[in-house]
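Please consider the structure shown below together with its sequence.

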Amino acid sequence: MRGHAQRLTGLGTTIFAEMSARAVATNSVNLGQGFPDRDGPDSLLEDAISAIRAGANQYAPGRGVPVLRQAIADHQKRFYDLSYDPDTQILVTTGATEAVAAALLAYVEPGDEVIALEPYYDSYAAGIAFAGGRRVPVTLRAPDFRLDLDELRAAVTPRTKVLLINSPHNPTGTVLTDDELRGISTIAVEHDLVVITDEVYEHLAYDGLEHRPLASYDGMAERTVSISSAGKTFAVTGWKIGWVTGTPDVVTAVTTAKQFLTFTSGAPFQPAVAGALALGNEYYDALRADLQSRRDLLCDGLEELGFGVHRPQGTYFVTTDIRPLGHTDGIDFCRMLPERTGVVAIPHQVFYDNTTTGRPLVRWAFCKQPEILQEALTRLQKL
């Protein structure tokens, strides 16, 4: 039989699958994959059970159940003062991963260039490849991982079609500033680019920082595909409920691709997420405070162990430099770690095209119970 399609080259088993398998085999504390080890709010879980019992178990409408689309519209208005028509400007997807893939398929022609902030979440490379596009990295560099707007501007060519922007940024934890977002907007408008924004960590910005959606900036509403999901905000990553907001044209374009990926999914979870989005500010405030305290617990502990720690402004992840401990290659380090210490982490370089930049960096997830984080730190003393 002939070999697989060229577009799959380099997209083998993800590092997450490999490291999760190692975690199981070695009975390690898994700080690799970014999922919480607790469930979301009780009301959310009960609403899903009620929806299942009430018979919401067949195909949901193609664009999502009306009550969830209304709740997403209400959420965008409440937090960002952005107005969307729930019937024409909102699409429910099978998680943000599908939303990103569908948006790329909707807008990228073979040969088009897609600029993404490097290090990038691994599905971006796959989505760009599936669409036949060419990825162009703009690198966020340690120690502060700020966006260099001059570098972004220099990356734009006549072939550039899409900017793929992720803030709060996985894996570095950077929250883009007002100046950075304004700069992105200026470049996008000037070059007539489509901007796909991955905002799944929108409610997980710390130290009093606030997430600002790119769609709220001048000239951006009509060119932005805004993406978020319930997974990170409500600790239900396995439910795979995401959404896209944008102009009617944007949402129709993304729907056209999405309907042939999963068609629709998560029927009983959708009304449950609708209820959760309407939770009071005390829920969102407590979520942030809780995760910030876990961030600090893990960062302080890793610092004491001698790692170079880059304390993140948002997300579930902290990035460390392993060179102070005498190591230089994150992949070797992460493959050694489970056997030697019983802890799993993720090497940064898998998120880079410029792998040398990421080689000495390792990512750890802090969305775990404090006692689990403490156990990991205790085990890491074996280093």
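The model is predicted: local features need pLDDT of at least 70, side-chain atom pairs count only at pLDDT 80 or more, and totals for chains, interfaces and linings use all residues. Residues are numbered from 1 along each chain as its sequence is written, and side-chain values use heavy atoms, with hydrogens and water left out.

The largest nonpolar core comprises 117 residues; such a core is a set of buried Ala, Val, Leu, Ile, Met, Phe, Trp, Tyr and Cys residues joined through side-chain atoms within 4.5 Å. Val225 and Trp364 have the most contacts inside this core. Beyond residues up to four places away in sequence, Val225 touches Ala103, Tyr107, Val194, Val195, Ile196, Thr197, Val244, Thr245, Val250 and Val254, where contact means heavy atoms within 4.5 Å.

Trp364 is also among the contacts of Leu298, a residue of helix α10; helices (H or I, at least four residues) are DSSP runs numbered from the N terminus. Leu298 counts as buried because its relative accessibility is 0%, the cut-off being under 20% relative accessible area with a 1.4 Å probe and protein chains only. Apart from neighbours within four places in sequence, Leu298 also meets Leu31, Val318, Ala365, Phe366, Leu373 and Leu377.

Where is empty space left? Rolling a probe the size of a water molecule over the atoms shows this. Here a pocket is an open set of points, on a 1 Å grid over the protein atoms alone, where a 1.4 Å probe fits, with protein on both sides within 12 Å along at least five of seven lines; lining residues have an atom within 4 Å of a point. Grid points are joined across faces, edges and corners, and a volume is the space filled by probe spheres set on the points.

The largest pocket holds about 1,000 Å³ of space. Its lining has 45 residues, with Thr14, Phe16, Tyr121, Asp122 and Ser123 closest to the centre. Helix α5 (122-130) is one of the elements supplying at least two lining residues, and it gives the largest share, 6 residues.

The second largest pocket has a volume of about 390 Å³. Of its 21 lining residues, Phe79, Tyr80, Glu210, His211 and Arg288 lie nearest the centre. Two or more residues each come from α3 (66-80), α7 (178-190) and α10 (281-304), and α10 provides the largest share, 4 residues.

Note on methods:
Buried means under 20% relative accessible area, exposed over 50%, partly exposed in between (1.4 Å probe, protein chains only).
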